[in-house]
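Good morning, everyone, and thank you for making time for this short talk. Please have a look at the sequence and the model as they come up, and then we will go through a few features together.

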Amino acid sequence: METTSRVGAKAPDTEGAEDAPAARRTVDGYLLAPFPWYGLDEAFTGPRWLMQVGTTADGSVEHGSIGHGDEPSVRSEGTLNGENTERFAVVVTVAANPVRRSADGTGVLDATSVSSAAWLAGVGLLSYTWPGQMDHTLRDDWLEQQTETAWVLADDLNSEDWATLSLPVDGEPTPFHYRESEYGWVLAASTQAGVHLGAYGRGMSAYGLAFSVVKDIAALA
């Protein structure tokens, strides 16, 4: 993927809860971003929460996620048969950056693209998924394999694995790349606001979603 970076992303840590100082650091990271954050629009009236930001080697904020609905837990075998009642959607905002020099001038940072958002969303969904028939010690290997698969899928958004879905972004119809799996769904698109959007979730239909700029990110802390 020549023009797309994995932007330092990793699967979110689902073990343990954040303490108050960690939560404050998370808010600070969002406030440092030089781009707007996106979430579901005002039609969604349920809970919202901040998750985590991703930064480049020089500390610049490059992406972050905002959750909506039920805070997800790792999904195991029993929930794959419909027993899970969690309903959530996570919106990932990625700064639309071109290829540029690193802050110390010693290297080059890859460009971000809609594929970056698609990969981050795919990995985010995987981080809350765990085939229950698999031994706990093998989950890391499974996650690594599936993460690479998500990367391959994100690298070719024009493949038959992706459909096109038009959803509102700031009130304007926007074409999204869309795919479903047994674990949930993933969306990705570029916007006119200088960011790429990714989204993932389960239990909530992707077809009725709409996205808009978060007016007061600090209010979600």
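A salt bridge here is a side-chain nitrogen of Lys or Arg within 4 Å of a carboxyl oxygen of Asp or Glu. What we have is a predicted model, in which local features need pLDDT of at least 70 and side-chain atom pairs count only at pLDDT 80 or more, while totals for chains, interfaces and linings use all residues. Residues are numbered from 1 along each chain as its sequence is written, and side-chain values use heavy atoms, with hydrogens and water left out.

How many salt bridges does the structure hold? There are two, and one of them joins Glu42 to Lys215, whose closest N and O atoms are 3.4 Å apart. This pair links distant parts of the chain, 173 residues apart, with Glu42 in the loop between strand 1 (38-40) and strand 2 (48-55) and Lys215 in the segment after strand 11 (211-213); strands are DSSP runs of E, at least two residues, and helices are runs of H or I, at least four, each numbered from the N terminus.

Are these two residues buried (under 20% relative accessible area) or exposed (over 50%), with partly exposed in between, using a 1.4 Å probe and protein chains only? Glu42 counts as exposed because its relative accessibility is 62%, and Lys215 counts as exposed because its value is 77%.

Arg202 and Glu86 also meet through their side chains in a salt bridge, at 3.5 Å from N to O, and here Arg202 is buried, as is Glu86.

Finally, helix 2 (residues 114-126) is largely enclosed by the rest of the structure, because 13 of its 13 residues are buried.
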